[in-house]
Amino acid sequence: QPKERALHLALRQAEESRALRYAFFAERAVARPDAISGAKARAVSNVAVVGGGLMGAGIAWACLNAGLSVVLIERAAEQVQAAEGRVAALGQGALKRGKLDAAGLEATLTRFTATADYADAAKVDLAIEAVFEDLDAKRAVFAQLDAALGPDAILATNTSYLDPELIFEGISNPARCVGLHFFSPAHIMKLLEIVRTPATSAEVLATGFALGKRLRKVSVLSGICDGFIGNRMLAAYRREMEYLLADGALPHEVDAAMRAAGHPMG
């Protein structure tokens, strides 16, 4: 019908339609940067996650949900038990939402181990550090990973602001070091920033992108800068919000305006 055809044409030409098409192709293009052209990703089946807080537990569950085996490392028995509880709670949440059944949850958790001993992660293909944002704490984690893991195991930091070059300083074989910056909650949020250091090999970068695809993330390549990409944008949002507050706006008014503009978290 002429009216229906006219409507379909109008919808295709609308700003929302153009934006959706742009996003569709941009997400696919960004996953194939020139930096990994010709590089072959390594096979990854066993992952260690250091730090069992909200971020670490979310990363662990995302990996488990993608079929990987996970060793989660914490500082002591009490923290190990708490981390186990967080991962189990995420599994129960998936069960309640119908993402998997009871048998599937049980099978998934058979691939999960929590420990306070780095030696239990000796054979992993990749380790992701997810401890709090403190340079000395992160460097101490990687010193222990460097000693416990194989010389070619990929070492990844989840830092959101710190310089990965400083975090990895002194680590053997720096070509295996990379940033894998997840966003909280890590098992839900789609963005994964893959941060390249000057020493990171193309093979390691390609492995990061392959892992992101397996985790169903939108992976983007980032260089080293303050806040990388997402948090650098967030800093600009926050600065403008603080200007509005200084000018007399109330917090709930700013939040409502952000939501109305299409930012669901305000």
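A residue counts as buried under 20% relative accessible area, as exposed over 50%, and as partly exposed in between. By that scale Pro185, at 33% relative accessibility, is partly exposed. The structure described here is a predicted model. The protein has 10 helices and 8 strands, and 38% of its 266 residues count as buried.

**Overall architecture**

- Taken along the principal axes, the box filled by the C-alpha atoms of the protein is roughly 65 × 50 × 40 Å.
- Among contacts between residues at least 6 apart in sequence, 66% join residues at least 24 apart.

**The sheet**

- The 8 strands form an open sheet whose order is β3-β2-β1-β4-β5-β6-β7-β8, and the pairing within this sheet is mixed.
- The edges of the sheet are held by β3 (112–115) and β8 (218–222). Each of these strands has a single partner strand, so one side of each is left without a neighbour in the sheet.
- From one strand to the next, the twist averages 25°.
- Strand β2, residues 69–73, pairs with β3 in the parallel sense, and 4 bridges join the two strands.
- Val71 has Thr113 as its bridge partner in β3.

- With neighbours within four places in sequence left aside, the contacts of Ser219 are Val30, Ala31, Leu192, Ile194, Phe209, Gly212 and Lys213.

**Helix α6 and Phe142**

- Phe142 belongs to helix α6 and is buried, with a relative accessibility of 0%.
- Residues touched by Phe142, not counting those up to four places away in sequence, are Glu129, Leu155, Ala156, Thr157, Ile167, Phe168 and Ile171.
- One of these contacts, Ile167, is 25 residues from Phe142 in sequence, and the two C-alpha atoms are 7.9 Å apart in space.

**Packing of helices α1 and α2**

- Helix α1 (residues 2–13) packs against helix α2 (residues 15–30) at an angle of about 55°, and the two axes are 4 Å apart.
- That angle makes α1 oblique to α2.
- On the α1 side the contact is made by Leu11, Arg12 and Gln13, and on the α2 side by Glu15, Ser17, Arg18 and Arg21.
- By residue class, this contact of α1 with α2 comprises 4 charged, 2 polar and 1 nonpolar residues.

**Cysteines**

- The structure holds 0 disulfides. Cys63 is in no disulfide, and the nearest cysteine sulfur to that of Cys63 belongs to Cys177, 18 Å away.
- A disulfide requires two cysteine sulfur atoms within 2.5 Å. The sulfur of Cys177 is 18 Å from the closest cysteine sulfur, in Cys63, and is therefore too far for a bond.
- Both cysteines lie under the burial limit: Cys63 is buried at 0% relative accessibility, and Cys177 is buried at 1%.

**Residues in loops**

- Lys40 sits in the loop between α2 and β1. Lys40 is exposed, because its relative accessible area is 69%, which is over the 50% limit.
- Leaving aside neighbours within four places in sequence, Lys40 is in contact with Glu203 and Ala206.
- Lys40 and Arg97 are 57 residues apart along the chain, with a separation of 36 Å between their C-alpha atoms.
- Pro185 occupies the loop between β6 (177–182) and β7 (191–195). Its relative accessibility of 33% makes Pro185 partly exposed.
- Pro185 is 30 residues from Leu215 in sequence, and their C-alpha atoms are 13 Å apart in space.

Key: Residues are numbered from 1 along each chain as its sequence is written. This is a predicted model: local features need pLDDT of at least 70, side-chain atom pairs count only at pLDDT 80 or more; totals for chains, interfaces and linings use all residues. Side-chain values use heavy atoms; hydrogens and water are left out. Buried means under 20% relative accessible area, exposed over 50%, partly exposed in between (1.4 Å probe, protein chains only). Axes are lines fitted to C-alpha atoms, for helices over the stretch in contact, and angles run from 0 to 180 degrees between N-to-C directions. Angles under 35 degrees count as roughly parallel, over 145 as roughly antiparallel, 65 to 115 as roughly perpendicular and the rest as oblique. Contact means heavy atoms within 4.5 Å. Ala, Val, Leu, Ile, Met, Phe, Trp, Tyr, Cys and Pro count as nonpolar, Asp, Glu, Lys and Arg as charged, and the others, Gly among them, as polar. Two strands pair if DSSP finds at least two bridges between them.
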